[in-house]
Amino acid sequence: MAARPRFTSRATVLVLVLCSLVAILAYPTRQFISQRSEITAQRARAEHARQQVEQLRREKARWQDPEYVKAQARSRLHYAMPGETPYIAVDPAAQDQAKSSLGAPPPAQGPAAGAVKAARPWYASVWDSVDAAAAAPATPAAPAQPAPSSPPAPVPAGDSPSHDH
């Protein structure tokens, strides 16, 4: 008996046809799979957007209630009803932690220093800096001629030069 060839011409043609089919179908199959994953991701985003819309609708409905608006004004804006005295409790440990995380220098030591800064409004610090700038002596470089001195303006009775807050 003669040795039979391992691959016949029919087997070779069949292998070539199968390889060409795999090569032809590989790209569309890959595209199909990637498009399916994109569709799944888009559906997840759409569901998330629906949930956000529903949450915003619920919040809008809450803002239609006058009692909710009053409660938000009290908590967020620190408003008070007529006749009430509003108080704000400040935790010094939380302030120190927040300032240290921002890289600010540590505040002055002692409970009185933190309480004074927390009790004063921001515009009080602005006025204090204006007063300090006005009270600072001006040092001119070297005037050529001395300026004629004028008497200080009189202060009206009842007015004080300091700004009380």
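Just after helix α2, His78 adopts a positive phi of about 60°, where helices (H or I, at least four residues) and strands (E, at least two) are DSSP runs numbered from the N terminus. His78 has this positive phi although it is not a glycine. Most residues other than glycine have a negative phi, and most peptide bonds are trans. His78 belongs to the loop between α2 and α3, and it is partly exposed, with a relative accessible area of 46%. Here buried means under 20% relative accessible area, exposed over 50%, and partly exposed in between (1.4 Å probe, protein chains only).

This is a predicted model, in which local features need pLDDT of at least 70 and side-chain atom pairs count only at pLDDT 80 or more, while totals for chains, interfaces and linings use all residues. Residues are numbered from 1 along each chain as its sequence is written, and side-chain values use heavy atoms, with hydrogens and water left out.

### Overall make-up

The protein has five helices and zero strands, so that from the N terminus on its elements run α-α-α-α-α, as the DSSP runs define them. Of its 165 residues, 2% count as buried. The protein exposes about 15300 Å², of which carbon and sulfur atoms supply 63%; accessible areas come from the Shrake-Rupley method with a 1.4 Å probe, and for residues only the protein chains shown count as cover.

### Helix α2

The twelve residues of helix α2 (residues 66-77) should span 16 Å at 1.5 Å a residue, and the end C-alpha atoms of this helix are 16 Å apart, which agrees; the expected span is 1.5 Å times one less than the number of residues. The buried residues of α2 are Tyr68, Gln72 and Ala73. They cover an arc of only 140° around the axis, which puts them on the same side of α2, the arc being that of the directions from the helix axis to the C-beta atoms. On the face of α2 turned away from its buried side are the exposed residues Pro66 and Glu67.

What covers the buried residues of α2 includes α1, with contact meaning heavy atoms within 4.5 Å. Gln72, which lies in helix α2, counts as buried at 15% relative accessibility. When its neighbours within four places in sequence are left aside, Gln72 is in contact with Trp63 and Leu77.

### Salt bridges

A salt bridge is a side-chain nitrogen of Lys or Arg within 4 Å of a carboxyl oxygen of Asp or Glu, and by this rule the count comes to four salt bridges.

| Pair | N to O distance |
|---|---|
| Arg50 and Glu47 | 3.0 Å |
| Arg74 and Glu84 | 3.1 Å |
| Asp128 and Arg120 | 2.1 Å |

Arg50 and Glu47 both lie in helix α1, three residues apart, about one turn of the helix. An α-helix has 3.6 residues a turn, so residues three or four places apart point the same way. Within this pair, Arg50 counts as exposed at 52% relative accessibility, whereas Glu47 counts as partly exposed at 38%.

The side chains of Arg74 and Glu84 also form a salt bridge, their closest N and O atoms being 3.1 Å apart. Arg74 lies in helix α2 and Glu84 in the loop between α2 and α3 (92-102), so the pair ties together parts that are ten residues apart in sequence. Arg74 counts as partly exposed at 35% relative accessibility, and Glu84 is partly exposed with a relative accessible area of 39%.

In the pair of Asp128 and Arg120, Asp128 counts as partly exposed at 31% relative accessibility, and Arg120 counts as partly exposed at 34%.

### A nonpolar surface patch

Val13, Leu14, Val17, Leu18 and Leu21 form a nonpolar patch on the surface, and together they have about 450 Å² of accessible area. Patches are made of residues with over 30% relative accessible area and no salt bridge, like charges being joined within 9 Å and nonpolar side chains (Val, Leu, Ile, Met, Phe, Trp, Tyr) within 5 Å.
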